[in-house]
Amino acid sequence: MTSGFHKDIILDDNAPSELLSLKHVEYLLEYSRSQDSFEYVMSEWLRASGVYWCLTALHLLQREEDIDRADLLTFIRSCWREEAGGFGASEHHDPHLLYTLSAVQILTLTDQMEEFDADRIVKFVVGLQQPDGSFYGDVWGEVDTRFTFCAFATLALLGRLDECDLDAGVGFILRCRNFDGAFGCTPGSESHGGQVYCCVGALSIAGQLHLIDTEQLGWWLSERQLESGGLNGRPEKLPDVCYSWWVLASLKIIGKAHWIDKGKLVRFILASQDEETGGFADRPGDCVDPFHTLFGLAGLSLLGESSLAKINPVLCMPQRVIDKLSIKLEIINPYV
């Protein structure tokens with residue numbers, strides 16, 4: 001239900017108010033097993049990312065042992081494109097930066113990165129950088145700040161960040177900044193919460209957060225919270241659980257997470273759970289999916305939910321994994 005002049009929803013007083021952890025574990029495991037379902041078949045075009053969402057969600061729920069590592073490795077092998085050095089979304093799909101990052105995250109989470117040639121992966125990623133500093137997503141030439149983040153994150157996880165032109169990549173990101181302090185997908189594009197996360201995350205990886213006006217950007221991000229407590233991705237849009245990650249993580253990185261009402265956001269996220277099946281939807285009453293389930297859990301982890309593993313706000317992976325790899329990521333006022 002929408003409410004008022006601004007687009008928003010009204011939360012039901014009877015909506016879930018506690019984290020249904022066991023239900024979410026059941027949902028994620030059942031989703032991964034139901035390979036004949038309509039939802040599974042139709043998600044082939046982004047399956048590598050879907051596997052990453054489910055695996056990371058189970059890590060946050062501290063149930064990663066329920067996933068078969070051998071099965072994961074078999075799937076990732078089917079996504080590997082030997083000649084190119086990158087990973088596709090699924091078997092027979094072309095390699096792309098989006099799914100190369102997802103594959104590297106999966107392999108990192110399962111301690112199986114040594115099964116693949118890191119030099120080939122690095123060559124694939126670096127080869128997609130353009131003279132203006134931007135990155136193509138694949139050989140077909142689409143440019144987006146998402147791909148800059150994917151490139152930086154992949155190289156950081158491999159310990160090879162210095163092999164791309166970092167300064168040029170940072171320069172491209174800054175050209176995508178708008179008058180409101182936020183970022184779009186290309187220079188001149190509309191500011192968007194998801195793109196802000198990609199740009200802020202990339203600058204964090206590069207150690208260049210000082211180039212952001214954190215006061216102005218923090219204002220724009222905090223303005224994404226609506227009366228319901230939920231966050232939207234841009235003005236005059238409905239709240240969506242996924243922005244409990246994209247927007248909140250960006251605020252966390254720049255040290256402004258205290259600028260929103262955390263209690264109201266927690267209530268919104270918890271209300272978006274399905275009490276019967278488990279999982280999170282984009283907003284209360286809608287159908288659940290693994291994408292929103294991960295980002296609902298990740299948002300709650302950032303908000304301090306003690307039953308969940310701590311999440312890293314830059315790479316959306318358990319903090320213990322990032323600590324194990326000794327990856328240095330810049331975060332302003334990390335204890336705020």
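User: What makes up the lining of the second largest pocket, by class?
Analyst: Nine nonpolar, four polar and four charged residues line the second largest pocket. Ala, Val, Leu, Ile, Met, Phe, Trp, Tyr, Cys and Pro count as nonpolar, Asp, Glu, Lys and Arg as charged, and the others, Gly among them, as polar. The lining has 17 residues, and Lys 310, Asn 312, Gln 319, Ile 331 and Pro 334 lie nearest the centre of the pocket. Three residues, the largest share, come from α14. This is a predicted model, where local features need pLDDT of at least 70 and side-chain atom pairs pLDDT 80 or more, while totals for chains, interfaces and linings use all residues. Residues are numbered from 1 along each chain as its sequence is written, and side-chain values use heavy atoms, with hydrogens and water left out.

User: Why is Gln 62 called partly exposed?
Analyst: Its relative accessibility is 43%, so Gln 62 counts as partly exposed (buried is under 20% relative accessible area, exposed over 50%, partly exposed in between, with a 1.4 Å probe and protein chains only). Gln 62 lies in the loop between α3 (47–60) and α4 (69–79). Its phi is positive, about 60°, although Gln 62 is not a glycine.

User: Why is the pair of Phe 291 and Phe 295 called edge-to-face?
Analyst: The ring centres are 4.9 Å apart and the planes stand at 75°, so the pair is edge-to-face. Rings of Phe, Tyr and Trp (its six-membered ring) pair if their centres lie within 6.5 Å; planes under 30 degrees apart count as stacked, over 60 as edge-to-face and the rest as tilted. Both residues lie in helix α13, four residues apart, about one turn of the helix.

User: Are Phe 291 and Phe 295 buried or partly exposed?
Analyst: Phe 291 has 22% relative accessibility, so Phe 291 counts as partly exposed. Phe 295, at 3%, counts as buried. Both belong to one aromatic cluster, which also includes Trp 53, Phe 149, Tyr 197, Trp 245 and Trp 246.

User: What makes the pair of Tyr 27 and Tyr 31 tilted?
Analyst: The angle between the planes is 45°, with 6.1 Å centre to centre, and the pair is tilted. Tyr 27 and Tyr 31 both lie in helix α1 (residues 21–33). Tyr 27 is at 11% relative accessibility and therefore counts as buried.

User: How do you know that the charge of Arg 224 sits over the ring of Trp 220?
Analyst: The charged end of Arg 224 is 4.6 Å from the centre of the Trp 220 ring. A charge sits over a ring if NZ of Lys or CZ of Arg is within 6 Å of the ring centre and within 35 degrees of the ring normal. Arg 77 likewise lies over the face of Phe 116, at 5.6 Å from the ring centre.

Conventions
1 Å grid on protein atoms, 1.4 Å probe; cavity = no way out; pocket = protein on both sides within 12 Å on 5 of 7 lines; lining within 4 Å. Helix = DSSP H or I, 4+ residues; strand = E, 2+ residues; numbered from the N terminus.
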